[in-house]
Amino acid sequence: MIAQKAIHISRKVQVFQRKIYLSAKADNKRKFGVLYDKIYRDDILRMAWNSVRNNKGSAGIDFQTVEKIENYGVKKFLKEIQEQLKSKKYQPKSVKRVYIPKANGKKRPLGIPTVRDRVVQTAVKFVIEPIFEADFQDYSYGFRPKKSANQAIREIYKYLNFGCEWVIDADLKGYFDTIPHDKLVLLIKERVTDKSIIKLLNLWLEAGIMEDGQVRSNTLGTPQGGVISPLLANIYLNALDRYWANNNFAGRAHDAHLVRYADDFVILCHHEPSKYMELAKRRLSQLGLVINEDKTRIVHATEGFDFLGFTLRKGKSHKTGKLNTYYYPSKKSMKNIKRKVKDVIQHGQHLDMNELVEKLNPMLRGWANYFKAGNSKAHFKSIDQYVVYNLTIMLRKKHKKAGKGWREHPPSWYYEYFGLICLRKTTTIAMMTENERYQR
């Protein structure tokens, strides 16, 4: 009964989103001035709560977790939010700053809003996202409905095969932390003019950041971690996408193709890559954004380049001798999964093999699902060998046995008796799927 109710609510919200998307698509000059009352609709708030609950996540500065709110009463919690929004007394709390480790040893800052603020942000996202989706270009793939990193990789693969072999591998310096609020709001107002919505967005943009018990003001950027941040970041960089489309740089006269995933993008050119790099820099400078010169480079496809965890390269086929395009997990991606495997095995020595495999399989399966569409079989075989090697060494040390243990514990022993996933059996050929947004 509960599941049927959730499905009914989801369909109702999707119908609303589809209608508003079609309205925005039909008239690219239309401005939407009456949206605020949609945010506190019962169905939208309930679906927003379901989304926040399913994404889990930790508590904000008020220490309220999803579990605590469920114990308090979800219906009561949503009713309170609804009343605050109706009376326009809603005020967001400061964002909790945390840092997560990056593969290079550095740390990435994340901002964690409270659960209540995440619910309201999600509700606003449900209402305004379809409007901006109608304007977004097809070559923007990050954090969008029915779009994925694998689709972006396939688009790059296509243009490399078309002969656009000069690649501008670009990186923006601190993008999420440097977006100018005033320019972002002006871009939002091109489509959404509801003053109450704009006020909410400004409140989130200017909400303080709490770090080490101290709150500091926020005058630039949209902290990574907020539900609304990826949408706002896409709205802002859509100005670069529109510039590319309006000047028809992807047309035959230029043959320079932009492929973007949030703040990561590449430009694939048939010729004159330096010219298109300068054009991109000029537009980004107008937006108050800066290219990271240390990480941005022009390369030829035969040299290879990394994007979204993949290495893409043109090379000669061992079978035919022809120049083909290949993509597979990058060295960094291989290093990351090996580090995670090693951590799980080292910290799981006290577990029996069934429990250890239960910890390894979801991690390995998720990694394989992301990379299996490429030319990854050899890389998957390498990870299979790495997993089995580390498990065997762990068992030998745990049970203090002489020798390396290969006879007692061959790969088939892990696969057949404990169900350890075998990555090289999961590789496949990627199939592009049609992007139909907000379909019922």
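This is a predicted model: local features need pLDDT of at least 70, side-chain atom pairs count only at pLDDT 80 or more; totals for chains, interfaces and linings use all residues.
In soluble globular proteins, nonpolar side chains tend to be buried together. Here, the largest nonpolar core comprises 131 residues. Within this core, the residues with the most contacts are Val-119, Trp-244, Ile-267, Leu-364 and Leu-391. The surroundings of Val-119 can be followed residue by residue: once neighbours within four places in sequence are set aside, Val-119 is in contact with Leu-45, Ala-48, Trp-49, Val-52, Phe-77, Leu-78 and Ile-81.

Turning to the cysteines, the count of disulfides is zero. Cys-269 is buried, with a relative accessibility of 0%. Cys-422 is likewise classed as buried, its relative accessibility being 9%, since the limit for this class is under 20%.

In one of them, the ring centres of Tyr-90 and Trp-204 are 6.5 Å apart and the planes meet at 70°, so the arrangement is edge-to-face. This pair links distant parts of the chain, 114 residues apart. Tyr-90 belongs to the loop between helix H5 (74-86) and strand S1 (95-101), whereas Trp-204 is found in helix H10 (residues 195-206). Tyr-90 and Trp-204 are both buried.

An edge-to-face arrangement is also found for Phe-249 and Tyr-276, with 5.9 Å from centre to centre and 70° between the planes. Phe-249 sits in the loop between helix H11 (229-246) and strand S6 (256-261), while Tyr-276 is part of helix H12 (residues 273-286), so the pair ties together parts that are 27 residues apart in sequence. Phe-249 counts as buried at 5% relative accessibility, and Tyr-276 counts as buried at 0%.

Beyond these two pairs, one aromatic cluster is formed by Tyr-157, Phe-310, Tyr-327, Trp-367, Tyr-370, Phe-371 and Phe-380.

Lys-88 lies over the face of Tyr-36, 5.4 Å from the ring centre. Over the ring of Tyr-141 sits the charged end of Lys-147, at 4.4 Å from the centre of that ring.

Notes: Residues are numbered from 1 along each chain as its sequence is written. Side-chain values use heavy atoms; hydrogens and water are left out. A nonpolar core is a set of buried Ala, Val, Leu, Ile, Met, Phe, Trp, Tyr and Cys residues joined through side-chain atoms within 4.5 Å. Buried means under 20% relative accessible area, exposed over 50%, partly exposed in between (1.4 Å probe, protein chains only). Contact means heavy atoms within 4.5 Å. A disulfide is a pair of cysteine sulfur atoms within 2.5 Å. Rings of Phe, Tyr and Trp (its six-membered ring) pair if their centres lie within 6.5 Å; planes under 30 degrees apart count as stacked, over 60 as edge-to-face and the rest as tilted. Helices (H or I, at least four residues) and strands (E, at least two) are DSSP runs, numbered from the N terminus. A charge sits over a ring if NZ of Lys or CZ of Arg is within 6 Å of the ring centre and within 35 degrees of the ring normal.
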